[in-house]
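Please look through the sequence and the structure below before reading on, and keep both at hand while you follow the explanation.

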Number of protein chains: 2
Amino acid sequence: MIDIIKNIATAPRRTKASVIRELLKITNKPGIISFAGGLPDPELFPYDFVTDAVKEIMAKKGRTALQYGPTDGLPELKEEFIKFLKQYEGIDVKPENLIITTASQQALDMVGRLFIDASDPVLVEKPSYMGALQVFKSYGCEFIGVKLEDDGVSTEELEEKLRWLRSQDEHYKFLYLVPDFQNPSGVTLSEEKRRKVIALSEKYDVAVIEDSPYRQIRFEGKEPKMLYRLDKETHNTDNIISLFTFSKTFAPGLRLGVILAHPQIVKKMEILKQSLDLCSSSLNQLIAAEFLRTGYFGKHIAVVKESYKAKKDTMVAALEKYMPEGVTWTRPEGGLFLWLRLPEDMSADDMFAEAIKENVAYVIGSAFYSDGSGNNTMRLNFSYPTTGEIEEGIKRLATAVKKRLVAAK
Amino acid sequence: MIDIIKNIATAPRRTKASVIRELLKITNKPGIISFAGGLPDPELFPYDFVTDAVKEIMAKKGRTALQYGPTDGLPELKEEFIKFLKQYEGIDVKPENLIITTASQQALDMVGRLFIDASDPVLVEKPSYMGALQVFKSYGCEFIGVKLEDDGVSTEELEEKLRWLRSQDEHYKFLYLVPDFQNPSGVTLSEEKRRKVIALSEKYDVAVIEDSPYRQIRFEGKEPKMLYRLDKETHNTDNIISLFTFSKTFAPGLRLGVILAHPQIVKKMEILKQSLDLCSSSLNQLIAAEFLRTGYFGKHIAVVKESYKAKKDTMVAALEKYMPEGVTWTRPEGGLFLWLRLPEDMSADDMFAEAIKENVAYVIGSAFYSDGSGNNTMRLNFSYPTTGEIEEGIKRLATAVKKRLVAAK
């Protein structure tokens with residue numbers, strides 16, 4: 001061990017390696033069908049569009065593309081994103097409501113840095129997105145988990161927890177939600193509950209982080225309004241901070257996301273971002289602006305939705321065909337993930353090695369629980385594997401489950 | 001004021017807006033000749049290279065370019081950077097010594113996050129790079145300033161400070177240096193002093209951050225070896241953490257940098273980066289890899305050096321021609337900046353408004369001092385303005401100085 005290692009501070013000791021990123025190293029082995037990642041399907045990436053866009057950008061806006069840009073983002077991208085919000089979400093905003101981020105992981109870091117002091121409680125769904133739990137934890141927060149139901153977070157339990165936190169004079173700062181096709185569960189928060197969440201946000205003066213990476217990938221069912229929009233239409237609390245990313249609707253390789261919030265929040269975020277990375281890639285921002293401006297975005301999303309729906313349907317059909325009784329799963333109306341529950345007394349953690357033996361991988365559900373529960377659950381990704389791999393992979397997974405059921409008898 | 005603003009944590013309250021970024025908003029006014037920024041000359045950006053490289057990348061490596069990449073960086077870029085280090089710096093390293101960052105501002109954030117707990121002392125040059133001071137301060141450190149001399153940081157004062165810190169049982173963690181063409185002063189640390197710094201690093205178990213954004217832009221004089229290399233050749237402390245960026249040698253719009261350190265440090269940095277932004281842009285990493293692989297880097301640097309040398313010479317000549325007695329400046333052998341000292345009793349801060357009236361701008365030197373001193377100094381950038389603007393801008397600046405001298409009499 002080198003000497004200076006002993007000098008590391010508290011934050012890195014609190015920052016744990018992502019279970020997913022570590023898992024991915026195992027599951028990249030040849031022969032394994034992996035439902036573990038959360039990758040978009042690379043078959044669908046708009047390669048020709050990127051080539052053409054870069055050629056055009058270098059010819060007309062090269063000086064902007066290769067130079068430092070403003071910390072809050074290039075006006076070109078903000079302008080197109082404002083049009084996108086209007087057209088797709090019925091949300092009217094100004095440039096000062098937006099800050100461009102180095103994808104939504106940076107947005108999550110900025111949320112954590114903006115609000116969390118060590119020992120502050122942070123309200124999260126149970127289960128919740130691991131990447132968010134990881135970064136919030138690095139700031140030393142305590143998690144207050146709220147049960148996730150089939151129509152989203154339990155607003156009753158949420159109010160109970162908020163009431164308790166207030167009575168304890170705790171410095172609770174925000175509630176973190178993935179309202180659409182939640183990662184990991186695939187569950188969507190109903191519009192009725194969205195209204196309740198906003199009312200609670202007003203009553204308890206608590207910010208709501210609306211993390212929305214998958215919302216545009218809805219392939220069936222009715223879309224509830226975004227929390228940000230509902231707040232404007234009802235309580236107008238200005239407590240909603242919405243996070244968007246181009247990773248699922250365009251390409252993760254660009255590392256671009258957007259935060260939508262009150263200008264006072266955006267201003268604070270801008271100062272934080274100065275110290276984090278000065279600005280996000282100008283080149284990539286201009287590519288994303290072109291993606292929106294030319295209408296390529298709409299066409300691309302249509303293709304993505306059709307493909308992911310077919311994959312989701314294949315996965316659900318294979319689960320119905322192969323899984324033994326006692327195993328249940330969600331039927332997401334969009335997004336990239338499905339959530340599987342083994343019988344209560346079975347551990348998906350313990351079964352992982354056996355699944356790998358069968359050449360199939362998943363993410364253990366307990367990794368998404370802030371309190372280490374959820375042992376009998378797992379997350380299955382359907383966007384990355386082909387339909388053939390999905391069919392075969394679920395068959396293998398069912399074999400692993402059945403072997404374990406037999407062994408337990 | 002919105003309600004949730006009152007909930008912000010300690011770190012954002014400690015994070016102050018960058019004086020430079022705020023200044024740049026003023027100095028972008030038409031008609032002003034600005035020496036305030038730190039921008040590379042956009043005339044020199046390799047536009048055609050980027051167009052061609054992206055076309056090639058989309059055809060052959062599109063799936064890698066648009067997808068998530070490994071947190072520590074794409075092997076393609078690491079491989080080329082290893083060759084670069086060997087060829088240009090005589091440094092032999094392995095991939096596990098490197099982590100790709102979202103440019104060097106992120107590297108500075110990672111250094112701060114890795115080492116600093118609130119109230120920890122951090123050793124910096126006086127003056128030092130403002131972007132580093134800003135992010136280290138956001139982690140709540142106390143600065144211990146060490147005098148900068150014409151051949152770099154005073155190693156005598158450094159030892160004095162280290163001895164004192166040790167005697168106080170302080171948790172001092174690292175010394176932050178910009179050894180080559182320092183920002184803001186343009187000063188280079190001599191090889192003799194580099195050896196002393198390494199010896200002190202060993203004696204006092206303190207990490208040395210070798211921030212090296214300008215090193216490749218040396219247009220005259222003899223190049224001292226990098227601290228990282230000297231350490232390997234002498235003490236082998238493994239205490240040196242070297243930071244590189246593509247912002248000055250290629251294009252800031254890509255947001256790419258590299259940290260070179262012991263694998264144990266790199267591993268810690270990797271876990272931090274998982275929570276900061278997961279990975280840097282894969283597309284941009286492949287563009288940078290091509291830039292190195294094709295040898296375009298070497299050709300580009302030759303052009304940059306020739307241009308910046310001409311601009312530096314123009315600035316020095318104009319200073320000699322126009323500045324009144326009592327004003328002095330550094331003569332940097334490379335980089336982007338020159339440091340100007342007014343007579344001791346004159347304030348560059350106070351003179352700023354008058355300079356703006358003369359339609360010329362600079363960065364006040366005091367912004368680079370961790371203790372607010374350096375009032376009579378300013379930083380002048382020569383990479384961005386044209387030679388014509390440099391001549392005219394220095395003339396205007398001299399007018400402002402002379403007017404102030406007259407007024408003081």
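This is a predicted model: local features need pLDDT of at least 70, side-chain atom pairs count only at pLDDT 80 or more; totals for chains, interfaces and linings use all residues.

Two copies of a chain are related by a rotation about an axis and a shift along it. Here, chain A can be laid on chain B by a turn of 180 degrees and a shift of 0.0 Å along the axis, with an RMSD of 0.0 Å. The two copies are thus related as by a two-fold rotation axis.

Where the chains meet, 69 residues of chain A are in contact with 69 residues of chain B. On the side of chain A that touches chain B, the elements that give two or more residues include α1, α5 and α6 of chain A, while α3(A) gives the most, with 10 residues. Sorted by class, this side of chain A has 33 nonpolar, 23 polar and 13 charged residues. Because 100% of the interface residues of chain A are also interface residues in chain B, the copies meet through the same surface.

Within chain B, helix α13 (residues 348–357) packs with helix α14 (residues 387–408) at an angle of about 125 degrees, their axes being 9 Å apart. α13(B) and α14(B) are therefore oblique to each other, and α13(B) passes α14(B) in a right-handed crossing. On the side of α13(B), the contact is made by Met351(B), Glu354(B) and Ala355(B), which meet Leu397(B), Ala400(B), Lys403(B) and Arg404(B) of α14(B). The residues of this contact of α13(B) with α14(B) divide into four nonpolar, no polar and three charged.

How values were computed: Residues are numbered from 1 along each chain as its sequence is written. Chains are lettered from A and ligands numbered from 1 in the order in which they are written. Axes are lines fitted to C-alpha atoms, for helices over the stretch in contact, and angles run from 0 to 180 degrees between N-to-C directions. Helices (H or I, at least four residues) and strands (E, at least two) are DSSP runs, numbered from the N terminus. Angles under 35 degrees count as roughly parallel, over 145 as roughly antiparallel, 65 to 115 as roughly perpendicular and the rest as oblique. A crossing is left-handed if the near helix is turned anticlockwise from the far one by less than a right angle, and right-handed if clockwise. Two residues are in contact if their C-beta atoms, placed from the backbone, lie within 7 Å. Ala, Val, Leu, Ile, Met, Phe, Trp, Tyr, Cys and Pro count as nonpolar, Asp, Glu, Lys and Arg as charged, and the others, Gly among them, as polar. Copies are superposed by least squares on the C-alpha atoms of residues with pLDDT of at least 70 in both.
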